Amino acid sequence: MSSAVVPLKQKGQVCLSACKTYAFEEVHAALREQLDALHVEELLFPGCRVVIKPNLVIRSKPEEGVITHPAVVAAVAVELLERGAGHVTVAESPGGPYTPPLLRAIYEAGGYTELAQTYGFSLNFDCSYGSLEAPQGQRCKRFDVIQPVLEADLLVDIAKLKTHGMMGLSAAVKNLFGCVPGLMKPELHCRFPEREAFGEMVADLCCALKPALCVVDGIVGMEGNGPTGGKPRLVGALAASRDPFALDMVCASLVHQNPVHVPYLRAGMKRGVCPESLDELSLWGVPVQSLAVSDFIQPESCSVNFLDWLPKFLRPLAEKVATPVPKIQTNHCVGCGKCAESCPQHTIRIAGGHAVIDYRKCIRCYCCHEMCPKHVIDIKRFRLFRF
């Protein structure tokens, strides 16, 4: 690495490397250096059971920029096994029903089945779950979490760098929401429909799960209306840390977002688990500015800044009008029902062969947009507020 590398401190350690291809040798070399710098061997012991939680939100091919690329997961798995892990398993609960057939289809489409056989890690098909207590939680004191995560000696969080319709950013902290089993995710959306409350709940979950190692696949990220309906964008970055909040501070800067505007990072700052600026981090590797993408397209659902200038009594009405809504491309909708299945408020029905939204009950969580396999649900803002 460069001689300008800054030594790591105990807290807020983040490694950032330039990597513009998913060639396994290049990805593996970059991650090996990062895991050396993070002293990951301190976390391992003989027989250690490691669970890797990637982002496999829907069935998707790696080149579409939706899921964590399998080469990144395979490289981390190889490093952990070589450093003494007893067993490494990839486990995920995607959107929709949590079933072995769905997992098998998602692993296969994403290239995980082949690489698991090649590099010696396992794929989870156990769809049981249990309870995780969160005594320090400020919004949620208990979560249902998939069983492999509960049984792991070490949880490794490998996220995809993406924009997100509700949270603005999807990276290490937000990726852990996938530990909640299947259709229990919409229940949490229903309990916490507002961005601020949902962000606090996500922060509660991250603090309760305590991932030991976090990696973000930012080689190709997703911009625009992520986390599934945006467009792939080359960023050329791999980032790793033992601190998910610190890592996401760097990720926000890579995609030209103000971390204070990301609800779960703001929640972390308020409770003292998230740094308030990059100056508080110990950065190793290349400078953040060298990989930051200044014209990264943000989700259409980003908050409208002018609301802060309005009198307080006008803000609720203005925010309701300004907040984007999901819009179905009726001519292209195939009526598969995935949107209705994932809607926490049950505001969507299938009529006349396509989906119909009852906007009177819509909470703007964008689960329908996220889970549409055909990507025919857009996020649309009232024309006056587009910018």
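Helix 2, which covers residues 70-82, comprises 13 residues and extends 18 Å from its first C-alpha to its last, close to the 18 Å expected at 1.5 Å a residue. The helix belongs to a predicted model, and its residues are mostly covered, with eleven of the 13 buried. The buried set begins with Pro70, Ala71, Val72, Val73, Ala74 and Ala75, and continues with Val76, Ala77, Val78, Glu79 and Leu80. Glycine 84 follows helix 2 and has a positive phi, near 120 degrees.

Confidence in the prediction was examined along the chain. The mean pLDDT is 91, and 90% of the residues reach 70 or more. Two segments depart from this level of confidence. Over residues 1-10, pLDDT stays under 50, and the model has 15 contacts for this segment beyond four places in sequence. Over residues 303-310, pLDDT likewise stays under 50, with ten contacts beyond four places in sequence. Where pLDDT is low, the predicted coordinates should not be read in detail.

Three cavities of 30 Å³ or more were found. The largest cavity holds about 310 Å³ of space. Its lining consists of 26 residues, and those nearest the centre of the cavity are Val57, Lys174, Phe177, Lys185 and Glu370. Several elements contribute to this lining: strand 7 (154-164), helix 6 (172-175), helix 7 (185-191) and helix 14 (367-371) each provide at least two residues. By class, the lining of the largest cavity is made up of eleven polar, nine nonpolar and six charged residues.

The second largest cavity contains about 100 Å³ of space. Lining this cavity are 15 residues, of which Cys343, Thr347, Cys362, Cys365 and Cys368 are the closest to its centre. The lining of the second largest cavity divides into eleven nonpolar residues, two polar and two charged.

Individual residues were also considered. Glutamine 147 is located in helix 5, which spans residues 147-151. This glutamine counts as buried because its relative accessibility is 18%, and the cut-off for burial is under 20%. Leaving aside residues up to four places away in sequence, glutamine 147 touches Asp126, Ser128, Tyr129 and Gly130.

A cis peptide bond connects glycine 226 to proline 227, with omega at about 20 degrees. Proline 227 is placed in the loop between strand 9 (213-223) and strand 10 (231-241).

Positive phi values were also found in residues other than glycine. Histidine 346, which is not a glycine, has a positive phi of about 55 degrees. This histidine occupies the loop between helix 13 (338-342) and strand 13 (348-351). Histidine 346 counts as exposed, because its relative accessibility of 61% is over the 50% cut-off. For histidine 375, phi is also positive, near 55 degrees. Histidine 375 is found in the loop between helix 14 and strand 15 (377-380). With a relative accessibility of 35%, histidine 375 counts as partly exposed.

Notes: Residues are numbered from 1 along each chain as its sequence is written. This is a predicted model: local features need pLDDT of at least 70, side-chain atom pairs count only at pLDDT 80 or more; totals for chains, interfaces and linings use all residues. Side-chain values use heavy atoms; hydrogens and water are left out. pLDDT is the predictor's confidence in each residue, from 0 to 100. Contact means heavy atoms within 4.5 Å. On a 1 Å grid over the protein atoms alone, a cavity is a set of points where a 1.4 Å probe fits but cannot get out, and a pocket is an open set with protein on both sides within 12 Å along at least five of seven lines; lining residues have an atom within 4 Å of a point. Grid points are joined across faces, edges and corners, and a volume is the space filled by probe spheres set on the points. Helices (H or I, at least four residues) and strands (E, at least two) are DSSP runs, numbered from the N terminus. Ala, Val, Leu, Ile, Met, Phe, Trp, Tyr, Cys and Pro count as nonpolar, Asp, Glu, Lys and Arg as charged, and the others, Gly among them, as polar. The expected span of a helix is 1.5 Å times one less than its number of residues. Buried means under 20% relative accessible area, exposed over 50%, partly exposed in between (1.4 Å probe, protein chains only).
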